[in-house]
Amino acid sequence: MNEAVRNPGKPTPGPIIEIENLSISFFTRKGEIPAVMDFSCTVMPGEAMGIVGESGCGKSTVSLGIMRDLSNIGKIVGGKIKFQGKDMGELSEDELRAIRGNKIAMIYQEPMASLNPAMKIGQQLMEVPLIHDKVSKEEAYSRALEMVRAVKLPDPERMMRSYPHQLSGGQQQRIVIAMALLSKPALLLLDEPTTALDVTVEAGIVDLVKGLGEKFGTSMIFVSHNLGLILETCDKITVMYSGEAVETGKIKDVFDRMRHPYTQGLFRSIPLPGADKNSRPLISIPGQLPLPHERPKGCNFGPRCHHFVEGVCNAAEIPMIAVDGHEGHFSRCVRFNEIDWEALPPGAKKVNEKVEPGAPVLKIQDLKKYYRVGGSEVFGSSEGRVVKANETISFEARESETVAIVGESGCGKSTLAKVLLGLETASSGSVTLGNKEIQSTGIESRNVETVSSIQMVFQNPFDTLNPSHSVGSQIIRTLEKFNVGKTVAERRKRMLELLDLVKLPRAFETRKPRQLSGGQKQRIGVARAFAGDAKVVVADEPVSALDVSVQAAVTELLMDIQRKNKTTMLFISHDLSVVRYIADRVVVMYLGYIVEQGTTDQIFSPPYHPYTEALLSAIPIADTSVVKKHIVLEGDIPSAMNPPTGCPFQTRCGYKKLVPDNLCETKVPPVKNLGDGHMSLCWLADDVLAKMDQVIKFDKEHAAHEGVPEDVHGAGPGLTGTAPNRPRGKSSTPEADQIGEAVEQDQAGMRARRNKVRDETSETGAKKPKDTTRRH
């Protein structure tokens with residue numbers, strides 16, 4: 001085997017990395033912020049450990065601590081990190097430098113942050129063996145080329161000659177993985193490596209990562225907020241909450257035999273196959289993650305836990321306690337054997353009343369939106385190209401109905417939303433709201449009634465509120481615009497009613513946005529959208545920028561308001577798990593076309609459009625009983641500026657060979673009616689469609705008891721084990737927390753903005769200004 005892809009020596013008999021009672025703090029001008037406390041884990045050769053948790057829990061700080069990349073304000077204040085038996089705290093800077101990027105490599109969330117935009121890919125890859133192994137340029141090139149092949153990139157020689165900006169996001173991430181593997185590391189740290197990628201591209205990266213342990217003997221620590229991804233890639237898992245590990249063990253134990261209420265809360269918050277918005281709604285975790293200065297005595301999760309017992313859970317600091325009969329399974333809970341795991345938090349709903357859709361409210365017929373893009377026009381040429389962002393879009397949405405619009409970057413869903421809201425006008429076709437056509441009327445020409453009738457809940461709650469004005473004044477401003485209320489008193493009364501509607505305390509009226517969490521800001525966004533009694537609400541990825549436990553609360557809020565107001569909702573998303581839970585009907589888009597539409601049950605059952613089949617296969621599902629058909633699409637989504645001829649999906653479709661006469665390459669398919677309003681844009685014959693298998697299969701009995709351990713028995717373990725090792729305590733000051741929280745929110749906002757910019761750029765072909773992803 002080539003040097004670049006050989007197994008990196010014999011695996012050592014002992015652990016690759018042992019972390020013992022690790023504590024990390026950040027020192028700001030306002031004081032110390034304990035970020036990680038009493039964290040321990042062990043990773044064996046070839047093993048993958050997943051670390052999951054919500055924003056601010058400390059999971060990324062652990063991986064940065066291993067790399068000793070904590071900037072000048074972060075410091076390890078307690079515990080040990082042993083790498084291949086050596087205490088890294090005793091190593092000199094030169095010894096650490098020899099390990100970093102060589103024996104321990106890291107893959108970050110943003111691939112472009114790891115690549116030099118001014119250097120060709122080949123040069124950047126060759127640097128690794130040149131610096132670490134001191135080989136010749138010829139040998140370095142040979143190793144780099146072989147590694148590009150190993151990460152399954154097309155045309156490796158061309159890739160080596162390319163600059164980073166000439167590659168797609170998925171290709172960039174594969175290059176970063178190749179760069180990390182070139183040094184033949186014993187340990188690979190992956191920090192949310194697929195968050196910025198589309199779901200079908202993510203599936204390819206996950207497929208690649210899964211084979212690393214077998215092919216290279218590499219151990220991995222995979223940091224993520226996605227339990228489904230951890231299930232697909234890891235052998236063990238550690239769940240973190242507010243700076244601590246609260247549960248750790250084998251995947252099967254933590255997923256099916258959990259022993260911490262927070263772990264259970266996470267599983268109840270995500271839309272797994274057994275969840276249903278009417279018969280089995282999501283159960284959100286009450287409250288929110290405490291800031292470091294708010295951490296209570298005893299269990300950090302205590303204030304949000306419905307199993308909390310005064311004088312037991314807060315009697316003393318709680319250690320990690322071994323679970324009898326489960327090898328390597330530990331929980332930071334003193335009551336895990338005695339609590340009722342089937343009990344629901346106060347106020348949680350067991351069943352919601354089903355709402356039947358009414359008459360059509362929104363009708364879209366043969367909608368087209370084209371953009372003219374001509375880079376050469378700057379230099380005096382009139383020649384330009386046309387970007388077909390939306391092509392013959394037709395569907396309707398009824399009163400009280402949720403229609404999900406699903407697709408990846410460049411599919412046209414954001415452009416469609418802009419046309420509906422009047423931010424763009426259609427090139428042709430019609431959009432009818434009620435009895436009025438609005439496709440040619442821009443927002444500036446629409447009357448108040450039309451504007452208030454179709455409103456939007458934006459993806460990024462961090463940028464949709466004015467930081468200088470109170471929450472109450474911003475809602476009142478919206479009411480004024482919509483001519484709601486004749487006096488200031490009437491508008492204030494309506495504003496308070498809207499705060500009640502979105503389940504926020506009326507005292508929030510005087511708060512500024514900076515005093516709210518991400519979930520609370522999104523609730524204010526929902527309140528403004530419903531201020532004018534909107535008939536249609538376009539929800540553009542409304543929960544994707546929020547933490548898992550907050551997502552469930554906002555999702556249920558939208559459903560509750562929709563039931564009460566009989567609102568029509570267009571739910572734009574790339575997450576088919578959420579779509580399966582929330583939608584009545586689904587529209588699947590690819591490269592400007594609707595490739596399939598139907599009821600949710602029709603879309604999630606065969607026959608499928610080949611693209612829908614691949615999308616379903618790519619969903620990471622956090623259920624150990626799920627069996628999925630394995631489909632990984634080759635290549636990347638074509639550019640809307642240079643779309644393929646014929647079927648828009650033909651460049652990535654595995655079924656193309658079953659269609660005669662090159663029809664897929666030469667002609668756009670007709671819309672085929674598969675029965676009962678189930679429509680598909682595909683040339684496949686009926687007999688081929690009839691042979692399609694179910695993509696996602698799961699145990700319905702297992703799914704019905706998701707979040708309930710299979711084997712609980714016995715009395716509570718009590719405060720057994722060694723007391724937690726926290727040399728600096730676990731609290732900070734409110735002033736220091738304000739700095740930390742501002743950094744967290746800025747990072748979350750920038751992530752959401754980057755995703756939005758990527759989506760819009762790929763649809764319109766237009767370049768965005770450099771400062772689009774900065775806070776103004």
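A crossing of two helices is left-handed if the near helix is turned anticlockwise from the far one by less than a right angle, and right-handed if clockwise. By this convention, the crossing of H14 and H16 is right-handed. The model is predicted, so that local features need pLDDT of at least 70 and side-chain atom pairs count only at pLDDT 80 or more, whereas totals for chains, interfaces and linings use all residues. Residues are numbered from 1 along each chain as its sequence is written, and side-chain values use heavy atoms, with hydrogens and water left out.

Helices (H or I, at least four residues) and strands (E, at least two) are DSSP runs, numbered from the N terminus. Helix H14 (residues 471-481) packs with helix H16 (residues 518-529) at an angle of about 20°, their axes lying 9 Å apart; axes are lines fitted to C-alpha atoms, for helices over the stretch in contact, and angles run from 0 to 180 degrees between N-to-C directions. H14 is therefore roughly parallel to H16 (angles under 35 degrees count as roughly parallel, over 145 as roughly antiparallel, 65 to 115 as roughly perpendicular and the rest as oblique). Contact means heavy atoms within 4.5 Å. Val471, Gln474, Ile475 and Thr478 of H14 meet Ile524, Ala527 and Arg528 of H16. In general, an α-helix has 3.6 residues a turn, so residues three or four places apart point the same way.

His326, in the loop between strands S11 (321-322) and S12 (330-331), is buried with a relative accessible area of 6%. Beyond residues up to four places away in sequence, His326 touches Asp253, Arg257, Arg259 and Asp711.

Rings of Phe, Tyr and Trp (its six-membered ring) pair if their centres lie within 6.5 Å; planes under 30 degrees apart count as stacked, over 60 as edge-to-face and the rest as tilted. Seven aromatic pairs were counted. The ring centres of Tyr590 and Tyr611 are 4.6 Å apart and the planes stand at 55°, so this pair is tilted. Tyr590 belongs to strand S21 (residues 585-590) and Tyr611 to helix H20 (residues 610-618), 21 residues apart. Both Tyr590 and Tyr611 are buried. Ring pairs also link Tyr241, Tyr262 and Phe301 into a cluster.

Conventions: Buried < 20%, exposed > 50% of the residue type's maximum accessible area, 1.4 Å probe, protein only.
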